[in-house]
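Reader: I am new to this structure. Please take me through one part of it closely: the sheet.

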Amino acid sequence: MFSKNAKASCAAKPLLLVDATACRHMSLQMKRHLIIGASGGIGSAIANQLDGEVTRLSRSEDGFDITDEASVAAKLSALSGPYDTVFVATGALVINGHEPEKTIKALTPDGLTDQFQTNAVGPALILKHALPLLPKDRRAVFAVLSARVGSITDNNIGGWHSYRAAKAALNQLIHGAAIEMARTHKQTICVCLHPGTVETAFTAKYAGHHKTVSAETAATNLINVIDHLTPDQSGHFFDYAGDEIPW
Ligand SMILES: NC(=O)c1ccc[n+]([C@@H]2O[C@H](COP(=O)([O-])OP(=O)(O)OC[C@H]3O[C@@H](n4cnc5c(N)ncnc54)[C@H](OP(=O)(O)O)[C@@H]3O)[C@@H](O)[C@H]2O)c1
């Protein structure tokens, strides 16, 4: 796929010293990428770093509300595929004033429902309606931003119930869809990704003592991860370093 950063460093080297493999990849590029949630911290950094043709979609710039199936169907059916990458960078932690719960006692049906709508239903609707945009004859990636806290195995402290549950549901949806897609889109890699703790509006109040990275660094990491994934890794959950996260 190659990011702009990689291209710049390749172009800067004297011709004879340029890595042959890198340039072979570059000559095959002009890949097409669709970034959904391109107005967000991570989404905009990814859209800015990808090389090739980048199509950006977002709620604030295009009225693309992922919780509304009619909106998802209309916007995606208006696009001409195929895309080599569909990257879903949407999501929210605080929705309609519902903060992440410190205890199960703080759980509300509305807060839980809002989390499912944005973090599970929305990306699943995108995948449903993006299937016709993915090629069947070559490698492609459908990646969606999940979160490590959606890992049930990794949950040792409780709290954040609605967000965790919505991301766990998202993980299940992507895992199941990837199994089906392996039959029809044999070279498509369909994955959940954890970006790390990233300095965006999303984390402004919640990063706490976690080590954070800039959105630009997160985007570089995530592009590197999806560049190296292979079809046998489809249906799995990876962090920003390419390490698999248990469900
Ligand atoms: N930042 C982190 O540390 C971190 C850590 C783990 C996981 N993640 C995950 O990474 C993803 C992106 O996070 P971020 O930090 O980049 O957040 P962000 O800067 O707040 O961006 C969120 C994006 O989601 C979009 N969005 C929210 N609800 C939407 C809806 N109903 N319809 C359409 N678009 C909607 C926003 O669109 P508009 O602004 O256009 O309305 C925006 O583009 C989220 O899924 C989050 O769970 C982030």
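Author: What follows is a walk through the sheet, with a look at what surrounds it.

This is a predicted model. The protein has eight helices and six strands. Along the sequence the elements run α-α-β-α-β-α-α-β-α-β-α-β-α-β. Of its 247 residues, 39% count as buried.

Strand β1 covers residues 32–36 and pairs with β2 in the parallel sense, over five bridges. There, Ile 36 stands opposite Leu 57 of β2. Ile 36 also has a bridge partner in β3, namely Val 88. The pairing of β1 with β3 is parallel too, and it has four bridges.

Move on to β3, residues 85–88. Thr 85 and Phe 87 point one way from this strand, while Val 86 and Val 88 point the other way. All four of these residues are buried. In a regular strand, side chains alternate between the two faces of the sheet. On the β4 side, four bridges join β3 to β4, and the two strands run parallel. Thr 85 stands opposite Val 141 in β4.

Yet α6 has a kink of about 35°, centred on Gln 117.

Step back to the contacts. Count those between residues at least 6 apart in sequence: 66% join residues at least 24 apart.

How far can the model be trusted? The average pLDDT is 91, and 88% of the residues score at least 70. Over residues 6–18, however, pLDDT is below 50. That stretch has nine contacts in the model beyond near neighbours in sequence. Residues 20–28 also stay under 50, and the model gives them seven contacts beyond four places in sequence. Where pLDDT is low, predicted coordinates should not be read in detail.

How values were computed: Residues numbered from 1 in each chain as written. Predicted model: local features only at pLDDT ≥ 70, side-chain atom pairs only at ≥ 80, totals over all residues. Buried ≥ 20, exposed ≤ 12 C-beta atoms within 10 Å, placed from the backbone. Contact = placed C-beta atoms within 7 Å. Bend = angle between axes of the 7 residues up to and from the residue. Pairing = 2+ DSSP bridges. pLDDT = per-residue confidence, 0-100.
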